[in-house]
Amino acid sequence: MRRRVVFRNRWLPYALLAPQLALTVVFFLWPAAQALSQSVYVTDAFGLRARFVGLGNFVALFTDPLYLGALRVTILFSLTLVAVTLAAALGLALAANRPMPGAAVYRTLLVWPYAVAPAVAAVLMLFLFHPAIGLLGRWLRAHGVPWDYTLNGTHALVLVTLAAAWRQVSYNFIFFLAGLQAIPRSLVEAASVDGAGPGRVFWSVVFPLLSPTTFFLVVVNLVYAFFDTFGVIDALTKGGPGEATETLMYKVYVDGFINHSLGSSAAQSVVLMTVVVLLTAVQFRHLEHRVHYG
Amino acid sequence: MVVTVALGTAPAARAQARVSIELWHALANPLGKVLEDIVAGFNASQSTYRVTPVFKGSYTDTLAAVIAAFRAGRAPLIAQVYDVGTATMMAAKEAVYPVYQLMRDAKVPFDPSLYLPAVRGYYSLPDGRMMSMPFNSSTAVVWYNKDAFRRAGLDPERPPRTWPELRVAAQRIRSAGAARCALSSSWFSWIQLEQFSAIHNVPFATREDGFGGLDAELRINGPLYVRHLETLVEMQREGTFTYGGRDATPDGLFPSGECAILEASSALRARVVREAKFAWGVTFLPYYPDVPGAPYNSIIGGASFWVMRRPDATPEQYRGVAEFFRYISRPEVDARWAMETGYLPVTFPGVERMRALGYYRDNPDAWVAYQQLTRTRPTPNSRGIRLGNLPQIRIIIYEEVEKAFQGKQTAKQALDSAVRRGNAVLREFQRENR
C-alpha cells in the first residue's frame with residue numbers, strides 16, 4: 001500500500017518543483033537538445049560553415065576502429081572500477097563497523113579522500129607513480145619491475161583505475177557503513193545463535209539486507225566511471241599512451257575541443273547518453289527483483 | 001583661470017574612459033609575468049587604451065576558449081594562438097581580422113620586412129601579407145649537462161653535432177653512469193619530425209608543407225623518417241634514449257639533472273636558469289651528415305597574436321590593438337621580451353639591440369637558437385608547417401610512435417599508420433573548410 005502525500009494548495013507542489021525543473025531544463029535538456037542538433041552537422045571549428053549530414057557522423061563512429069577501441073577501454077575500465085571500489089569499500093565498512101577504540105578516527109580518515117578533487121588525486125598519483133620522479137614508481141623500477149605508465153598501456157589503465165577508485169571508495173564506504181548499521185543486531189545474533197559462522201552470517205543475512213545500498217552504489221559507480229573520471233584521465237595520461245586510457249567520455253572532449261570536430265563530438269555524446277540511459281533502465285528492471293527492502 | 005579649468009577637465013574625462021581591449025594568452029609564470037609587465041608598459045605609455053591580459057590555460061585550452069567565445073559573439077580582440085593553430089585561424093576568414101589589413105585601416109606604420117624571414121613566412125599568406133602578429137617565437141635546440149659530460153669523459157665545450165656523434169655521446173654517458181637518462185626529447189612530434197624535416201630539407205607534407213593548398217598529403221613515412229625513428233627505437237632499447245611523454249612533459253627531466261641531454265624548445269631557458277644546479281650548455285639540433293646540404297635552418301614554434309572580429313567591437317578598439325602591436329614591435333620591447341624569456345627576437349632591430357647590449361656575448365646559448373633559425377634561407381621544406389588540425393595530427397603521431405616504443409609495431413608501420421590517419425584528418429579539414 002503506497003503512502004500518498006496530499007498537498008492542500010494546488011500550486012505549491014509545482015512551485016516547489018520549479019527550481020529543480022529549471023535547473024534540469026537549463027543544464028541538461030537544453031545542452032542535450034543542442035548536442036542532438038549539432039550531431040547531424042559537419043562544421044568548421046568556428047561555426048562559420050555548417051553542412052547537414054543526417055546520420056553521417058554516427059555511421060562514421062561505428063566504422064571507426066578507434067571509437068570501438070574507446071568503447072572497449074570504457075567497458076574494461078568501468079567494470080574494474082565498480083568491482084574494485086565496491087569490494088574495497090565493503091571490506092573497510094565491515095572492519096570499521098566493529099566496536100573498537102578510535103573507531104571514529106578511522107572512519108573519518110577513511111572518508112577523507114572524498115574531499116580531494118579528482119584532478120588533485122590524479123596529480124598525487126603522478127607524484128607517487130611516475131617512473132622518473134615518483135616515489136613508488138622509482139622504487140618499483142629499482143626492484144626490477146618495469147613499471148612505466150607513460151609507455152605501457154596496461155600500467156596506465158591500472159593507474160588511472162587506482163586514481164579514480166581511491167576517492168570513490170570513501171563515498172561507497174559511507175553508504176555501506178550506514179547500510180550495515182541499519183541492519184538489526186537481533187538478526188545477526190539470531191543467525192550466530194543458530195550456529196552460522198561469520199562467513200555464512202555475512203552472505204546469508206548481511207549481504208542480502210545490504211542489497212538496496214549495493215544496487216544504488218552499482219548505478220552511481222557506473223555513472224561515475226563513465227562521466228566523472230574525466231579529470232583523473234586528463235591530469236594523468238590524457239588518454240595515452242596510444243589510446244590505452246581514452247574512454248568514451250575522454251574521446252568526446254578530445255574530438256570536440258582539441259580536434260574541433262564538433263559534429264563528431266556531439267554524435268559521441270548522444271551515443272553515450274543513450275548507452276547510460278539503457279544501462280540504467282536495464283539495471284532497474286533486472287536487479288530490482290533481487291533487492292530485499294527490509 | 002577659466003582656460004586652465006576648461007583644459008583641466010577635458011583630458012581628465014578622456015583618461016577615465018580608456019578604451020578597453022582584452023588579450024587572452026596561454027603563458028603561465030614566469031613567462032606570463034613578463035608579458036604582463038610588457039602590457040603594463042604599453043598601458044603606462046599612453047592614456048587612451050588599456051590592454052588587459054587574461055591567462056586562459058594551455059594553448060589548447062586558450063584556442064578552445066577563443067572559439068567558444070567567438071561562437072557566442074564575445075571573442076577577445078587579441079588572442080594568442082599557437083603555431084599549430086595557424087591553419088585553423090587562416091581558414092576562419094570571417095572570424096579573424098588580418099594584421100596587414102588592421103594596420104592599414106588604423107593608419108599605423110607597419111613594415112613586414114623588419115621581421116625575420118623564418119618568423120614572417122610562418123604567419124603570412126603566400127604573397128607575404130602578414131595575417132597575425134608574431135610575438136613569442138622559439139625554436140628547438142639541444143640542452144646538455146656539462147657536468148654530466150665531464151663525468152662521462154666528454155668535452156663539455158665540444159658537444160655532438162650529428163646523430164651518430166650524439167648516439168656515441170649518449171652511450172658514453174650511460175656506460176659511465178654520468179646520468180640516469182642520457183637523451184630525451186620534448187615535443188616529440190615538433191622536434192623529431194617537423195624540425196627534423198626542416199633541417200634536412202625533406203617535405204613533411206606535399207604542397208610545400210601545406211602552404212600551397214588544403215589538399216596536402218603527409219610525407220612523414222619517407223625513408224629518412226623511418227631511418228630516424230628506427231634509430232630512436234634502437235636507442236631506447238639500448239637505454240640511451242628515453243621517451244619522456246607528450247608535449248612539454250619531458251621538460252622537467254633536464255633542469256632536474258635526470259637527463260643529460262634534452263632536445264627541447266629554446267624557451268626552456270627561463271626554467272633552466274632558475275632550476276638547474278649544474279653547468280649547462282646549448283647546441284644545435286643534430287642531423288644526419290649523409291643528407292646533402294644538411295643542416296638547413298630550423299623552424300619556429302611558439303605563438304602569435306591574432307585579432308578577432310566581434311560584432312560589438314569599435315574602430316577605436318581596433319586602433320588600440322594596432323597601437324599595441326606597434327609598441328611590442330619596438331626594438332627595446334622585442335629585445336626585452338627575448339632577453340627575459342629565452343624566446344627569439346622577431347625583428348632585425350630587436351636582434352641588433354640585443355647585440356649592442358652585449359647580450360649574445362654574455363649568453364652564447366641564445367646565439368645558437370638565432371643562428372640555427374637564420375643559417376639558411378627558408379626552403380619550401382623549412383618555412384614552416386601549415387596543415388589543418390595539426391594538433392590532432394600530432395596526437396596521432398604521438399600515439400603511433402608510442403606504440404613503436406612499446407614494441408607493438410615497427411617504425412615503418414608506425415609512420416605508415418600515422419600518414420594514413422593523418423591524411424584522413426587533413427581531408428576532413430579540407431571538407432569542413434571548402
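Helix 3 (residues 65–96) and helix 7 (residues 153–181) of chain A pack with their axes 7 Å apart and at an angle of about 40°. The model is predicted: local features need pLDDT of at least 70 and side-chain atom pairs count only at pLDDT 80 or more, while totals for chains, interfaces and linings use all residues. Residues are numbered from 1 along each chain as its sequence is written, and chains are lettered from A and ligands numbered from 1 in the order in which they are written.

**Exercise 1. Describe how helix 3 of chain A packs on helix 7 of chain A.**

Step 1. Two packed helices are described by the angle between their axes and the distance between those axes. Axes are lines fitted to C-alpha atoms, for helices over the stretch in contact, and angles run from 0 to 180 degrees between N-to-C directions. Helices (H or I, at least four residues) and strands (E, at least two) are DSSP runs, numbered from the N terminus.

Step 2. Angles under 35 degrees count as roughly parallel, over 145 as roughly antiparallel, 65 to 115 as roughly perpendicular and the rest as oblique. Helix 3 and helix 7 of chain A are therefore oblique to each other.

Step 3. The crossing of helix 3 of chain A with helix 7 of chain A is right-handed; that is, the near helix is turned clockwise from the far one by less than a right angle.

Step 4. The contact of these two helices has 19 nonpolar, five polar and no charged residues. Ala, Val, Leu, Ile, Met, Phe, Trp, Tyr, Cys and Pro count as nonpolar, Asp, Glu, Lys and Arg as charged, and the others, Gly among them, as polar.

**Exercise 2. Describe how helix 5 of chain A packs on helix 7 of chain A.**

Step 1. The axes of helix 5 (residues 118–129) and helix 7 of chain A cross at roughly 130° and come within 9 Å. That makes helix 5 of chain A oblique to helix 7 of chain A.

Step 2. This crossing of helix 5 and helix 7 of chain A is right-handed.

Step 3. Residues are in contact if their C-beta atoms, placed from the backbone, lie within 7 Å. From helix 5 of chain A, A:Pro118, A:Ala121, A:Ala122, A:Met125 and A:Phe129 meet A:Leu159, A:Leu162, A:Ala163, A:Trp166 and A:Arg167 of helix 7 of chain A. By class, the contact has nine nonpolar, no polar and one charged.

**Exercise 3. Which element of chain B gives the most to the side that touches chain A?**

Step 1. The contact takes 28 residues from chain B and 22 residues from chain A.

Step 2. Helix 18 of chain B gives the most, with seven residues.

Step 3. The side of chain B that touches chain A has eleven nonpolar, seven polar and ten charged residues.

Methods: Two residues are in contact if their C-beta atoms, placed from the backbone, lie within 7 Å.
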